[in-house]
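Here is a short tour to read alongside your viewer. Please keep the sequence and the model open side by side as you go through the points.

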Amino acid sequence: IGTDSPNRALSLEDGDIQIHDTGTSGDPLINFSVGNTQASPTQSWSMRVDNSDGDKFQLLDVTDGRTVLTADGDGNFLIGTDSARTVQGFTSRQQIEGTSATTSSLSLVRNSNSVDPPYLNFGKSRSTSVGGSAIVQADDVLGRLDFAGANGSNINDLAARIDVRVDGTPGSSGDMPGRITFSTSADGSAAPTQRLKIPKTG
């Protein structure tokens, strides 16, 4: 379509494709399959809009009968689940949920002939817009790791927390004093109390 020299069985040049379902329950989709026959492929994948569940965009492993990832209308990117949930009071944009170490874990692996590792970076600015770099201030939290456990009704109760804060007045470049604090919750509490602090002086 749009060309007299296609390099595929179906080719579209300088155009768009729209798949639209006018109903309220149909799921417009594109299916990909390989092996054996079309009716019984060895592996099949689908991309669809789940019209019956909030118009979520999904990638499906049709062969195994599971949803691999879901993007919902709120901008949440979900792996292992098709419904975003709140943990420690936040509904995070990226979520991984599963029932085993394999399905509920995240791995960062770097392969290079060097001493350098993979990185997990936390950044904080005082800017109010994306891409800003307004300087932070003393006591600003630059990064936080929270550890929450289910209490039978939600996963909002904290058992422990690790904070990294600005420990003093930062400079315009090359000057970011910091401290790390380790906090745990006592028995009968879900509010972590500071147990150890490593300040800028070490």
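**Around Arg 165**

Leaving aside residues up to four places away in sequence, Arg 165 touches Asp 139, Asp 140, Val 141, Leu 142, Arg 144, Pro 177, Gly 178 and Arg 179. Keep in mind that this is a predicted model. From this residue we can move on to its sheet, then to a nonpolar patch and a pair of hairpins.

- Arg 165 has its place in strand β8.
- Along the chain, Arg 165 and Ile 180 are 15 residues apart, while their C-alpha atoms are separated by 6.6 Å.
- Val 141 has Arg 165 as its bridge partner in β8, and Val 141 is also among the residues that Arg 165 touches.

**The four-stranded sheet**

- The open sheet has four strands in the order β7-β8-β9-β10, with antiparallel pairing.
- At the edges are β7 (141-149) and β10 (193-198), each of which pairs on one side only.
- From one strand to the next, the twist averages 15°.
- β7 and β8 (residues 157-166) run antiparallel and are joined by eight bridges.

**The nonpolar surface patch**

- Phe 77, Ile 79, Ile 96, Leu 106, Leu 108, Leu 120, Phe 122, Leu 145 and Phe 147 make a nonpolar surface patch of about 870 Å².
- Which elements give two or more residues to the nonpolar patch? They are β5 (77-79) and β7.
- Phe 147, one of the patch residues, lies in strand β7.
- With a relative accessible area of 41%, Phe 147 is partly exposed.

- Strands β3 (residues 56-61) and β4 (residues 66-71) run antiparallel, joined by five bridges.
- Opposite Leu 60 you will find Thr 67 in β4.
- Four residues lie between β3 and β4 in their hairpin, and Gly 65 in the turn has a positive phi of about 65°.
- β4 also pairs with β5 in the antiparallel sense, over three bridges.
- In that pairing, Thr 70 stands opposite Leu 78 in β5.
- The hairpin of β4 and β5 has five residues between the strands, and here Gly 75 takes a positive phi near 90°.
- β5 brings us back to the patch, as one of the elements that give two or more residues to it.

How values were computed: Residues numbered from 1 in each chain as written. Predicted model: local features only at pLDDT ≥ 70, side-chain atom pairs only at ≥ 80, totals over all residues. Heavy atoms only, no water. Pairing = 2+ DSSP bridges. Axes fitted to C-alpha atoms, helices over the stretch in contact; angles between N-to-C directions. Patch = residues over 30% accessible without salt bridge, like charges linked within 9 Å, V, L, I, M, F, W, Y side chains within 5 Å. Areas by Shrake-Rupley, 256 points an atom, 1.4 Å probe, with all protein chains shown as cover. Salt bridge = Lys/Arg side-chain N within 4 Å of Asp/Glu carboxyl O. Buried < 20%, exposed > 50% of the residue type's maximum accessible area, 1.4 Å probe, protein only. Contact = heavy atoms within 4.5 Å.
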